[in-house]
Amino acid sequence: MLLFDKFENRYIVRGIITNLNPVHIGAGGSSFNPLEVDNRIVRYTSTNEPYIPGSSLKGVLRSFIEQVYPKEHCWVTINPCSKKKEKEIEKKRETYSKNPEEYAKEVYSLICDICKVFGSQETASKIYISDLKVREENGKKLYKLGVRDGVGIDRDTGTAAYRIKYDFEVIEPGAQFDLYMVFENLENEYVKSFLIPIVEVLKSGELKIGGKTSRGLGRIKLLEDFKIYKITKDNIKDYLEEGLNEIEPLPWADFKKQFE
């Protein structure tokens, strides 16, 4: 049982994500300016450059893991495991009111595995994903934007609704984004059941992100030259002083063998 009171390990995955299909992660709302796209993608206000929110990628990965382990999770947004075990948690709170460390351990043991790793109302997440910024090469940003047409659908007839046409912005295929994903204090069993499947599905190019995925949008892929680092108590000093410069990345095949 690994909580956050002591540092035990940190796994860092760094690499390049590319989109195999157009990607649309909407900024929300619609423009009333006839010269602008109706539905724009999310952008940084300071640079006007598109990005993939880390929270969006994390949500997609959680959904993927929930599909892989359908009996091992709760419906965290509707009926979380902490809610189902509310009476037990309250009893633990009373019992360990003067011992917060033991209380945290007891609560951790009550929630489902996916909440232990991805977080819930009772526990912090063990996964952190930075926003994926577009990469730059020789002073050139590695992305192109495009516009696609869409039509509203009449829910009664299933056909195009009268005079409801709109357009939406996309990031065209072949863009490149920097991936920085951290797993903190992860038990070995969760490295095997969560970290490794997450990296493998990103490598496969089958994961979809953003909106309009039923129209063929959103497939992303982790390129093969990614790196994974393991930070432990043995090399934490080097990591804190020099960052990842002094840490040797692990070959992916060798890393997986450790947990077979």
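## Buried residues and the overall picture

A residue is called buried when its relative accessible area is under 20%. In this predicted model, 44% of the 260 residues of the protein count as buried, and one of them is Y11, which counts as buried because its relative accessibility is 0%.

Among contacts between residues at least 6 apart in sequence, 68% join residues that are at least 24 apart.

## Aromatic pairs

The count of aromatic pairs in the structure comes to eight. One of these is formed by Y11 and F255, whose rings are 5.7 Å apart from centre to centre, with 75° between the planes, an arrangement described as edge-to-face. Because Y11 lies in strand β1 (residues 10–19) and F255 lies in helix α8 (residues 252–257), the pair ties together parts that are 244 residues apart in sequence. F255, with a relative accessibility of 0%, counts as buried, and Y11, also at 0%, counts as buried too. Y11 and F255 also belong to one aromatic cluster, which they form with F226, W252 and F259.

Another pair is made by F118 and F194, and it is edge-to-face because the planes of the rings stand at 65°, with the ring centres 6.3 Å apart. This pair links distant parts of the chain, since F118 is in helix α5 (residues 113–118) and F194 is in helix α6 (residues 188–204), 76 residues apart. F118 counts as buried at 4% relative accessibility, and F194 is buried with a relative accessible area of 3%.

A disulfide is a covalent bond between the sulfur atoms of two cysteines. A search of the whole structure finds zero disulfides. For C112, the nearest cysteine sulfur is that of C115, and it is 3.5 Å away; for C115, in turn, the nearest cysteine sulfur is that of C112. Because two cysteine sulfur atoms must lie within 2.5 Å to count as a disulfide, the distance of 3.5 Å leaves C112 in no disulfide. C112 is buried, with a relative accessible area of 14%, and C115 counts as buried at 0% relative accessibility.

Technical notes
Residues are numbered from 1 along each chain as its sequence is written. This is a predicted model: local features need pLDDT of at least 70, side-chain atom pairs count only at pLDDT 80 or more; totals for chains, interfaces and linings use all residues. Side-chain values use heavy atoms; hydrogens and water are left out. Buried means under 20% relative accessible area, exposed over 50%, partly exposed in between (1.4 Å probe, protein chains only). Contact means heavy atoms within 4.5 Å. Rings of Phe, Tyr and Trp (its six-membered ring) pair if their centres lie within 6.5 Å; planes under 30 degrees apart count as stacked, over 60 as edge-to-face and the rest as tilted. Helices (H or I, at least four residues) and strands (E, at least two) are DSSP runs, numbered from the N terminus.
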